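Visitor: Hi, could you walk me through this structure? I'd like to ask as we go.

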Amino acid sequence: MFKRAVRRWKRSLKWIMALSLVLSLAMAVYTYRFEPDRYVAEYVFYALPADVTEDEEAPVRMGMLVKDYDHLLHDPDFRAQVMENTLSDGKTYLRACGTAEDHMVTIRAVGEDAQIVQGLANAAGEKLVAESDTRFGVSKTDVVSRAELPAEATLPNRPLRILLTFAAALIVLSVLAVLFGSRREPVGWLTPPERTSVPALGQVADFRSAKNKCLRALRKEKDGCTFFGSVNRLVREGVCQAALSLRACAGMGGGSIAVLGACAEDEAEALTVLFGQTLAREGFSVLMMEMNGADPQLGDLLGVRGQVDVLDCLADDRVLSQALLGTSTRNLHFIDCCHDAESVLHAGASEAFRVFVENALEIYDYVLISAPPTSFGSSAAAIGSAVDQTVLAATEGRYTDRELSGAAGLLARAAARVSGVVYTSVPKKLLRGLYEEDEREYRKVLNQSAGA
């Protein structure tokens, strides 16, 4: 339970910090712009309770006496008597405080006007001294010091109040987040295995900036530009490790693999291209097929566009030579999507498509298919059932285990073999500590992962 509360707090930490900063800023604006300066004046007198000698400490008697003084300062009749001959702005506060060691009583006045503060402190102090023996039975009183005109403002302590506001907001919001925060617990690559039911095949660091850079270069028809070559080492290492996991699931041999996302924003299409170019660079012959007619991206990331697709090949196998497109990566061929999304999805659910994939494996080591996300329902499951393996792409920290297991269950009910999930868009700061330039540290991390 404690660990869940900590995870709930961590998930809310960004909002907690943001709201705490907003409240602190509001306090800073209020104290510096709207709250006026305040002045303090003190009237000090000596008060000896009855039946107490000057050499004797009387903490209980003095404490009670100071409380009586403070209570009298707030009495309406006493305040009216004090203010008969004294100016007041209605914004000055009086209080009494003292110590038992030296029998000193301090009448403190705090307000916005220095002269009014001084006048009220002296008037209240003199009135209390005059009535101490009759009202409180004080045996001896002496004036120690009268209140002087404050030279400068001493309150409020603005930096301290801002800091206290931030600390108080942080504590209160943290407690609220733990008690009433969302129970939804997204999972990711670093989530302990006991908290996930879908196997994790690997992770891929955030490559969105590299993807956009590659697309601009391909539009300019730059020679030798590949998506795999545009990403950094963190991304390449993650893709290679995930590809190795896929090969292990297939017995280190070839096979057909469908890559799809839990939703359209999970970068499944880009992951398909990275897998294909990785396997091709390792010496395998690869055929990539675009079956996501609603949002085809493979052609853009490969820098090629076709005029014939799988539907044409299923209708007439003589056009297969026109459908196969060469790419800038050796051993990698591509079949584009040229028809509308609904037609492509119907074709992917047909028995003819299953036979087409099986025949393609007689020529290629791997057939990679970019399928629609699981949010498309049966269409994604139908394509998954026609291949040997299905890989689910999920953005790091976006989905709970229940959501991922539900997506995997949808595919499994359609006879699709779900090998596992690859987490995409993993923040690079989570990986830089693992993928060090020192090869010994990197191998050490891999050995620890393998042992776990």
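Visitor: Which residues form a nonpolar patch on the surface?

Guide: Ile171, Val172, Val175, Leu176, Leu179 and Phe180 form the patch, with about 600 Å² of accessible area together. A patch takes residues with over 30% relative accessible area and no salt bridge, joining nonpolar side chains (Val, Leu, Ile, Met, Phe, Trp, Tyr) within 5 Å and like charges within 9 Å. Accessible areas come from the Shrake-Rupley method with a 1.4 Å probe, and for residues only the protein chains shown count as cover.

Visitor: Before we go on, what kind of model is this?

Guide: This is a predicted model: local features need pLDDT of at least 70 and side-chain atom pairs count only at pLDDT 80 or more, while totals for chains, interfaces and linings use all residues. Residues are numbered from 1 along each chain as its sequence is written, and side-chain values use heavy atoms, with hydrogens and water left out.

Visitor: Let's zoom out. What's the radius of gyration?

Guide: The protein has 39 Å, whereas a compact globule of 452 residues would be near 22 Å. That radius is taken over C-alpha atoms, and the globule rule is 2.2 Å times the number of residues to the power 0.38. Along the principal axes, the C-alpha atoms fill a box of roughly 120 × 45 × 45 Å.

Visitor: How many helices and strands?

Guide: There are 17 helices and twelve strands in the protein. Of the contacts with a separation of 6 or more, 80% are between residues 24 or more positions apart.

Visitor: What about the surface and the inside?

Guide: The accessible surface comes to about 23500 Å², and 53% of that belongs to carbon and sulfur atoms. Buried residues make up 46% of the 452 residues.

Visitor: Which residues touch the most other members of the largest nonpolar core?

Guide: Phe227, Phe275, Val286, Met288, Met289, Phe353 and Ile369 do, in a core of 89 residues. Helix H9 (residues 268–281) gives the most to this core, with eight residues. A second, separate core of 27 residues includes Ile116, Ala123, Val129 and Ala147. A nonpolar core is a set of buried Ala, Val, Leu, Ile, Met, Phe, Trp, Tyr and Cys residues joined through side-chain atoms within 4.5 Å.

Visitor: Switching topic, how many salt bridges are there?

Guide: A search of the whole structure finds 18. A salt bridge is a side-chain nitrogen of Lys or Arg within 4 Å of a carboxyl oxygen of Asp or Glu. One of them pairs Glu131 with Arg135, with the closest N and O atoms 2.6 Å apart. Those two are four residues apart in helix H4 (residues 114–135), so about one helical turn separates them. Glu131 is buried at 13% relative accessible area, and Arg135 is partly exposed at 45%.

Visitor: What does the pair Arg305 and Asp336 tie together?

Guide: Their side chains meet in a salt bridge (3.3 Å, N to O). Arg305 lies in the loop between helix H10 (298–302) and helix H11 (310–315), and Asp336 in the loop between strand E9 (332–335) and helix H13 (341–348), so the pair ties together parts 31 residues apart in sequence. Arg305 counts as partly exposed at 45% relative accessibility, while Asp336 is buried at 1%.

Visitor: Last one: what is the phi of Glu267?

Guide: Phi of Glu267 is near 60°, a positive value in a residue other than glycine. Most residues other than glycine have a negative phi. Glu267 lies in the loop between strand E6 (255–261) and H9. Ser425, in strand E12 (residues 418–426), has a positive phi too, near 55°.

Notes. Buried < 20%, exposed > 50% of the residue type's maximum accessible area, 1.4 Å probe, protein only. Contact = heavy atoms within 4.5 Å.
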